[in-house]
Amino acid sequence: MRVYLPCTLPALARVATVGELGPAPLTGYAVTPALIEWYVSGDTEELEYVALTEAARDSLRMLAADRADGVEVVARRVVVAVDVPEGDVSVSADLDERARVRLAAAVPLARIAAVHVDDLSAVKDVEAAVAALPAADRGDDDARFTVDGVEANELLWYATQEIPDLVG
């Protein structure tokens, strides 16, 4: 099963160093039965894009958390696409989180299929979205517009062999 895990560049650097994405449990996004039922007209590729987009949104929250912890991080969303056995994935029962899944174990580097990262040209938009998150969470429509607007920046695809170059 393909699962999209939100990440940051510092966390991706740890993956390259230790050889796995963790620690568990990990929250990710995938094409779940609830997502399929909700998005009736979509094909698999469209549904995977929805899951990828949800993971990218969580990456914004990870960037904000890193900054709150004093971690110096470039404002680029990162999503790690992994292929794991379906039995390793538990699906959320919350209908508001149709694509959310949990992985009970760390994911070895060998299970990473690809990495999706914002281009440097998106940094300004990602910075604005991270700054707007608290107000968006409080219901501010302008802040929500800013957070949603970052999705106009498509994430770039990188092969696993390119991870050292991304984090170097």
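Helix 3 and helix 4 are roughly perpendicular to each other.

User: What kind of model is this, before I dig in?
Analyst: It's a predicted model.

User: OK, so how do the axes of helix 3 and helix 4 cross?
Analyst: They cross at roughly 90 degrees and come within 9 Å. Angles from 65 to 115 degrees count as roughly perpendicular, so that's the label this pair gets. Helix 4 covers residues 123-137.

User: Which residues meet there?
Analyst: From helix 3 you've got L60, R61, L63, A64 and R67. On the helix 4 side they meet V126, E127, A129, V130, L133 and D137.

User: And by class, what does that contact have?
Analyst: There are 7 nonpolar and 4 charged residues, with no polar ones.

User: Switching to D58. Where is it found?
Analyst: D58 is in helix 3 too, which runs over residues 44-68.

User: Is D58 buried or exposed?
Analyst: Buried, yet without a salt bridge. R100 is the nearest side chain of opposite charge, 4.0 Å away.

User: What does D58 touch?
Analyst: Leaving out residues up to four places away in sequence, D58 touches P6, Y29 and that R100.

User: New topic: where does N153 sit?
Analyst: N153 is in the loop between helix 5 (141-149) and strand 9 (156-158).

User: Why does N153 count as buried?
Analyst: Because its relative accessible area is 18%, and buried means under 20%.

User: Which residues does N153 touch?
Analyst: R77, D118, A122 and D125, again not counting residues up to four places away in sequence.

Key:
Residues numbered from 1 in each chain as written. Predicted model: local features only at pLDDT ≥ 70, side-chain atom pairs only at ≥ 80, totals over all residues. Heavy atoms only, no water. Helix = DSSP H or I, 4+ residues; strand = E, 2+ residues; numbered from the N terminus. Buried < 20%, exposed > 50% of the residue type's maximum accessible area, 1.4 Å probe, protein only. Contact = heavy atoms within 4.5 Å. Lys, Arg positive; Asp, Glu negative; His and termini not counted. Axes fitted to C-alpha atoms, helices over the stretch in contact; angles between N-to-C directions. Parallel < 35°, antiparallel > 145°, perpendicular 65-115°, else oblique. Nonpolar A, V, L, I, M, F, W, Y, C, P; charged D, E, K, R; others polar.
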